[in-house]
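Biologist: I would like to learn how to read the features of a structure. Please take them one at a time, general idea before the case.

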Amino acid sequence: CLQKDPQERLRDIGDARIEMKQALSEPATVSPIGVTTAVQPTRWKLAIPWSVASLVVGIIITLIGVWNLSPPPTSRPVSRLAMVLPSNQQLSFGGRHQVAFSPDGTHLVYVANTQLYLRAMDQLEALPIRGTEDGGGRSPFFSPDGQWVGFWAGDQLKKVSISGGAPVALCDAENPWGASWGPNDTIVFGQGSQGIWQVSAAGGTKELLISVDATKDESAHGPQILPGGKALLFTLSSGDGTWDDAEIVVQSLETGERQVLIRGGTDARYVPTGHLVYAREGTLLAVPFDVERLEVTGGPVSIIEGVTQAGSNFTGAAHFSFSRLGSLVYVPGIAGELENTLLWVDREGQEERLAAERLYFWPRLSPDGAHLALVVFDGANWDLWIYELTRKTLTRLTFDPAGNLYPLWTPDGLRVVFASRRGGGQYNLFWKAADGTGQAERLTTSPNDQIPYSFSPDGKRLVFMEENPETSWDLHVLSMEDEPTSQPLLQTQFNETSPAISPDGRWMAYRSVESGREEVYVRPFPKVEQGKWQISSDGGTRPLWGPEGRELFYQSDEAMMMVPIETESTFTAGSPGVLFGERYITETGRHYDISPDGQRFLMIKEGGQTEETSARIELIIVQNWFEELKRLVPTGK
């Protein structure tokens, strides 16, 4: 083929093929030395057939060798392992996301002991993240490059580098109902009934991105900017159902057009394999999803059962996360688990089970200690019930599906004040006779959410929290004489919550973040401007006075703290001390109360856990989970 003389060059590869075939079928014989043939073939005609044949045979042998040495193509194996947390760590803040995988799968963040822990997956131990101590770390999420962890603390959205350093504040915000960091360096976060907001990852002023319909009691959770940056995926619930009955929707950020993708599920995430994965009743389900057309292209398939959800704690959070490379982490739990344990706990931490397990919240003892007002969630409605301690009977007090929360006894024990959305709008104050007779009566009307918290001993003043669009929460006082009238009590640039009036009516304890973290303070009551004392020394919230006013209790890092108080000559607070610490419900208000003798506390433990079941806390990690997802839910691509 490479001869210079065109007369001696093969015309094309077809000639070479014929020569090869002839050479292989009728190999030429070599003439004996000295014998001369009549016609000598040209040199290239003898060389080419054997050279080409040798080349072809060599290629075939090589290919066969490569074929035998190379393993057949196969998917990566799926493996599961349990990551057991140390015995001194308990998962915290179950109402928000508890775990987050970095996009590259090299780091894992989880929430335990009311702070954030970071584990490099090539290391054996997780380390606490600086600046998230004492309740200072919730709702973690990673930046797209995996170098930053976003989280919420002290009424602010923050970020911190995984390589260390102090957290950086981004904007003021309430505890997010799901948050994610988009590829355009924008953070989006849900705010429940206040819609979905966005802020630059560099920090700045937050902006409302998507609003929800207050007349339908809608709440938004778990926003995620889809690839391309033109649409947002999130969960939308309404007041007539649970998060398991919510809608998973997608909304165009260009036109505002919204369409429902899935009815009946929560906390959906887009997966690069072309799927949406979401939760319902403790199970992860997946559907094929065309991200270009924003359409679901197949039916739901159950992929993992027994994943912990937080639907009972006001949000649609499901505790799972995955990396872009295909690793999954989730918090295991019992599917459909709807129960909490109501306990007496003495000052040494000894527990005594009090009532049958249900979803209990905000227990409040009557002034005589004979009855207990509390909220029970039945999977659809939040209602007030009265538990009679002697007879151990539970009687329902409210029946309105608008939600009835935060019970508070009047000092005479005849009525229970509570927050409700009756008539639509926000949570306002109502009260009803404790024996169940008559109808609930409205006490306040406000465009802002209100929560009742503490009565003065004479019953003439009710201190409550009211949401302030500027500062989140302020304290107000409602006069109960004649026609109830309210006025501001404590309004600052900071967030004040959990007011508690002392038994003698002279002092008010409350929680504030003015120092940059949650701390407990005391002021004179009702003249709050005449003094202020900090009670907690290392973080604290949800204060409660002892029956005689000589002790002040509060919670810090999931421990029950006690501070001795002296008020005879002047106000003096002693040093805080730990009474007991356990995994009791601590999120969204004060979920405990104290007995009339001050020796026992009513506490609630999550999920019906006992000392034995809460001893081993673990996270489940599934490696190469994408392979399993693609096998279980084919996308047709």
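Biologist: Which residues form one aromatic cluster?

Modeller: Ring pairs are found from the distance between ring centres, with 6.5 Å as the limit. In this predicted model, Phe361, Trp362, Trp382 and Tyr406 make up one aromatic cluster.

Biologist: How many aromatic pairs does a search of the whole structure find?

Modeller: The search returns 19 aromatic pairs. One of them joins tryptophan 507 and tryptophan 533, with 5.7 Å centre to centre and 80 degrees between the planes. Planes over 60 degrees apart count as edge-to-face, and this pair is edge-to-face.

Biologist: Which parts does the pair of tryptophan 507 and tryptophan 533 tie together?

Modeller: Tryptophan 507 belongs to strand 40 (residues 507-512) and tryptophan 533 to strand 42 (residues 533-534), so the pair links parts that are 26 residues apart in sequence.

Biologist: Is tryptophan 507 buried or exposed?

Modeller: Buried means under 20% relative accessible area. Tryptophan 507 has 9% relative accessibility and therefore counts as buried. Tryptophan 533 has a relative accessible area of 28% and is partly exposed.

Biologist: What are the ring distance and plane angle for phenylalanine 580 and tyrosine 584?

Modeller: Their ring centres are 6.2 Å apart and their planes stand at 85 degrees, so this pair is edge-to-face. Phenylalanine 580 is buried at a relative accessible area of 5%, and tyrosine 584 counts as buried at 4%.

Biologist: Which ring does the charged end of lysine 206 sit over?

Modeller: For such a contact, one checks both the distance to the ring centre and the position relative to the ring normal. The charged end of lysine 206 is over the ring of tryptophan 197, 5.1 Å from the centre. Arginine 422 lies over the face of phenylalanine 430, with 5.9 Å to the ring centre.

Biologist: How many bridges join strand 16 to strand 17?

Modeller: There are 5 bridges between strand 16 (residues 247-252) and strand 17, and the two run antiparallel. Isoleucine 248 faces isoleucine 262 of strand 17.

Biologist: How many helices and strands does the chain have?

Modeller: The chain has 3 helices and 50 strands. Of its 637 residues, 54% count as buried.

Terms used
Residues numbered from 1 in each chain as written. Predicted model: local features only at pLDDT ≥ 70, side-chain atom pairs only at ≥ 80, totals over all residues. Heavy atoms only, no water. Helix = DSSP H or I, 4+ residues; strand = E, 2+ residues; numbered from the N terminus. Buried < 20%, exposed > 50% of the residue type's maximum accessible area, 1.4 Å probe, protein only. Pairing = 2+ DSSP bridges. Phe/Tyr/Trp six-rings, centres within 6.5 Å; stacked < 30°, edge-to-face > 60°. Lys NZ or Arg CZ within 6 Å of the ring centre and 35° of its normal.
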